[in-house]
Amino acid sequence: MRRRILIATTAAAAALALTACGGGGGGSTAAGLDKRGDITIWYSNNEAEIAWGKQMVEAWNAENPDEQIKAQEIPAGASSEEVIGAAITAGNAPCLVFNTSPAAVPGFQKQGGLVNLSEFEDGDDYITERSGDLAEQYRSEDGGLYQMPWKSNPVMIFYNKAMFKEAGLDPENPSLSTYDEFLESARAIKESGAATFAINPAPTSEFFQSWFDFYPLYAAQTGGTLLVEDGKATFDSEDGKAVADFWRTLYDEELAGQEQYQGDAFADGYSAMAIVGPWAISVYGDAVEWGAVPVPTQDGTAAEDTWTFSDAKNVGLFTACENKATAWDVLKFATSEEQDGIWLEETGQMPLRQNLTETYPDYFEANPAYEQFGDQASRTVEVPNVQNSVEIWQKFRDGYSESVIFDEKDVDAFLTDTAAEIDELAGE
């Protein structure tokens, strides 16, 4: 069960794309920044996140009788992004949504739905002090921060120790650091019959699927380069080709599958490896004897220097909110050191806070399985914060699927042609 609250269908992706073109509810982002009173917030329908949200609301309400929070789960819909986009259009979005996809932010911003948090007197200082240099990835093209960097699930390679042992591989120190080592290990797993596939990321066409195959390895190979920087695609390069060729080899040798698996391939023993975040620790629990290592690079990169994809969700403050000053104070309260610590305890997801392992040493000492994810959280890349974000990722996925997964187009041509198309989208 990959916990994707994001978007489950291409129809929902299309709906999200449409929100970027729609008219917006809410006026000037700066209106009412000093107003106080009761507010409404939405949070995810995940059980652990609900538990955190309820205690956060109770703690705030107990201390602020004149500025109460009314909280609820995000209303049901094809996706949370579709629901939020519709609420912006209707002008009835809540003050805060604790489940805002960074990929959706440019569209919500274009709708006029998001408050620029940098316009609060302490906005920039608070966010950059909490999140450090990573905060810059969430800055919009106009220089403003329209989202609070909140929490991440930095993805790594999970591997099944029992399957590795069956394949004659070292289950405690697997050879997975370089592409050559990874491929040799994958071939041993396939040849031994330990699993049907060595690794089996979803080969489907949804725009976000490249966040869990190409993008983590591209981040690692480039030392933290985004797919688009300065309005231009970055992946038509030797590094982009190295990552694409690596995945092409996995598919060509049937070490990864070209058909969608109905279920969790890793949990079901269909594949020996998966690219997942720390949420998987509690999901797999004792059902799988697993280990985790950073994603591979062409020549091998030390764990402490390896980058990956963040798989973050952030918090938006919406222009329809009447009492924005209270909403901002609640947002700071909810992302305080104390609340981030409770979040970590409740969910096992990483707050987007600098010096994470040093800030919560007792937690990581008591939960050593999470420590490498806490360290990895400081080296993550986000989806580029550019207009047409969803369309850009869909264009990339379509080209990647055709070339890398299904071998219907030369990899070099895919990289060059798709980069040109993405440059055009990014420049609109």
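**Stop one: the sulfur link**

The count of disulfides here comes to 1. Keep in mind as you look that this is a predicted model. Select Cys-95 and Cys-321: a disulfide joins the two, with 2.1 Å from S to S. That's a covalent bond between the sulfur atoms of two cysteines.

Now zoom out and see where the two ends sit. Cys-95 is in the loop between α3 (80-90) and β3 (96-100), while Cys-321 is in the loop between β12 (313-317) and α11 (324-334). The pair links distant parts of the chain, 226 residues apart. Look along the S-S bond and you'll find a right-handed link, with 80° about that bond. Are these two cysteines buried or exposed? Both Cys-95 and Cys-321 are buried.

**Stop two: salt bridges**

Next come the charged side chains. How many salt bridges are there? The count comes to 19, and we'll visit a few.

Select Lys-151 and Glu-49. Their side chains meet in a salt bridge, 3.4 Å from N to O. Lys-151 belongs to strand β4 (residues 148-152) and Glu-49 to helix α2 (residues 47-63), so this is another link between distant parts of the chain, 102 residues apart.

Now select Arg-130 and Asp-340, another salt bridge, where the closest N and O atoms are 3.0 Å apart. Arg-130 lies in helix α5 (residues 123-131) and Asp-340 in helix α12 (residues 337-347), so the pair ties together parts that are 210 residues apart in sequence. Why does Arg-130 count as buried? Because its relative accessibility is 4%, and the cut-off for buried is under 20%. Asp-340 is buried as well, with a relative accessible area of 0%.

**Last stop: a network**

Finally, select Arg-36, Glu-67, Asp-122, Asp-329 and Lys-332 together. What joins these residues into one network? Salt bridges that share partners do.

Terms used:
Residues are numbered from 1 along each chain as its sequence is written. This is a predicted model: local features need pLDDT of at least 70, side-chain atom pairs count only at pLDDT 80 or more; totals for chains, interfaces and linings use all residues. Side-chain values use heavy atoms; hydrogens and water are left out. A salt bridge is a side-chain nitrogen of Lys or Arg within 4 Å of a carboxyl oxygen of Asp or Glu. Helices (H or I, at least four residues) and strands (E, at least two) are DSSP runs, numbered from the N terminus. Buried means under 20% relative accessible area, exposed over 50%, partly exposed in between (1.4 Å probe, protein chains only). A disulfide is a pair of cysteine sulfur atoms within 2.5 Å.
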